[in-house]
Amino acid sequence: KEALEELRTAVDLRPNYWLNHQALGLFFYGNGQLPEAIDVFTLLTKLKPNDANPFQQLGAMHLAQGNVSLARLNFEQSIKRRANAGAFANLGTISYYEHRYDEAVREYEEAVKLEPTVAAHRGNLADAYRKVGRPADARVAYLKAIELGELALKVNATDATLVSRLGVYYAKVDSPRQAAEYADRAAKMNRTDPDVLYLRAVVLALIGQRDAAVKQLEDAIRRGYAFKLALEDDDLSSLRSLQAFQRLAATVKPQ
């Protein structure tokens, strides 16, 4: 509460200073207050109309809220201002969820070219390779994602999202023990982050712990994860026949 009051005061004192607005918007985003974060970053795109970053960040917030059309628009606006890996990666994710897998491959490959050492880009590309019938390339990309992720953890061992992603990559190269260890470790590091909790649900689904996966998914949704994205995630396909999953789908409001 005190942090929010200080951030609002900073914005009020210098209403045209973009950095204060960015700090306030990231505060809202980090606390799962997506509508408030979107309002702030919409203003930020007007304060910095030639900067790619606010558009990329605003797109990510719309995507987290499940608003794909607005997310795509902002990612495209971001790339018009400067080619950047974040926008390409997110456009790849949109294409992937819309079953345009060849396009997803191209967009993820652009992200890899721009940021070759980021594990997430390799993992995303691996998923797309699987969809276009390139399993050998997919495995190579998952293994590279694991290699890059482990190196990154040596620099920052507290990155819970990265730990979560490593759990997913290990699951996809048939290493269930490591997958579960990383997923559990990430959830202990951050028990409230919807992305971390969602990725743990993915790991549990991939290694066959379906009942636990549904419970973890419910927690992730309760904390703000967009259920629309979960419904379209192939990694959760094993859960859809479960009554618990169907009950969850029936109780979640459209996002």
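Trainee: Why is Asp-174 called exposed?

Mentor: Good place to start, and keep in mind that this is a predicted model. Asp-174 has a relative accessible area of 67%. Exposed means over 50%, so with 67% Asp-174 is called exposed.

Trainee: Where does Asp-174 sit, and what makes its phi worth a remark?

Mentor: Asp-174 belongs to the loop between helix 10 and helix 11 (176-189). Its phi is positive, about 60°, although Asp-174 is not a glycine.

Trainee: Why does Lys-48 count as buried?

Mentor: Its relative accessibility is 19%. The cut-off for buried is under 20%, so Lys-48 counts as buried. You will find Lys-48 in the loop between helix 3 (34-47) and helix 4 (52-64). Apart from neighbours within four places in sequence, Lys-48 is in contact with Trp-18, Pro-54 and Phe-55.

Trainee: What makes the pair Lys-48 and Asp-51 a polar contact?

Mentor: The side chains of Lys-48 and Asp-51 are joined at 2.7 Å. A polar contact needs a pair of N or O atoms within 3.5 Å, and the 2.7 Å of this pair meets that limit.

Trainee: Why is Lys-172 listed as buried?

Mentor: Lys-172 has 13% relative accessibility. Buried means under 20%, so Lys-172 counts as buried. This residue of helix 10 is in contact with Asp-127, Arg-130, Tyr-142, Leu-206 and Asp-235, leaving aside neighbours within four places in sequence.

Trainee: What caps the N-terminal end of helix 10?

Mentor: Asp-159 does: one of its side-chain oxygens lies 3.3 Å from the backbone nitrogen of Thr-161.

Trainee: How do helix 8 and helix 10 pack?

Mentor: Helix 8 (residues 119-131) and helix 10 (residues 160-172) meet at an angle of about 30°, and their axes are 10 Å apart. Their crossing is left-handed. From helix 8, the contact uses Ala-119, Ala-120, Gly-123, Asp-127 and Arg-130, while helix 10 brings Leu-162, Arg-165, Tyr-169 and Lys-172. By class, that makes four nonpolar, one polar and four charged residues.

Trainee: And how does the span of helix 13 compare with the expected one?

Mentor: Helix 13 (residues 210-222) has 13 residues and reaches 18 Å, close to the expected 18 Å. Its buried residues include Val-214, Leu-217 and Ile-221. Helix 12, helix 14 (227-231) and helix 15 (243-251) are among what covers the buried residues of helix 13.

Trainee: Which residue with a positive phi follows helix 13?

Mentor: That is Gly-224, with phi near 125°.

Key
Residues are numbered from 1 along each chain as its sequence is written. This is a predicted model: local features need pLDDT of at least 70, side-chain atom pairs count only at pLDDT 80 or more; totals for chains, interfaces and linings use all residues. Side-chain values use heavy atoms; hydrogens and water are left out. Axes are lines fitted to C-alpha atoms, for helices over the stretch in contact, and angles run from 0 to 180 degrees between N-to-C directions. Helices (H or I, at least four residues) and strands (E, at least two) are DSSP runs, numbered from the N terminus. A crossing is left-handed if the near helix is turned anticlockwise from the far one by less than a right angle, and right-handed if clockwise. Contact means heavy atoms within 4.5 Å. Ala, Val, Leu, Ile, Met, Phe, Trp, Tyr, Cys and Pro count as nonpolar, Asp, Glu, Lys and Arg as charged, and the others, Gly among them, as polar. Buried means under 20% relative accessible area, exposed over 50%, partly exposed in between (1.4 Å probe, protein chains only). A polar contact is a pair of N or O atoms within 3.5 Å; within protein, one must be able to donate a hydrogen and the other to accept it, and residues adjacent in sequence count only if both atoms are side-chain atoms. The expected span of a helix is 1.5 Å times one less than its number of residues.
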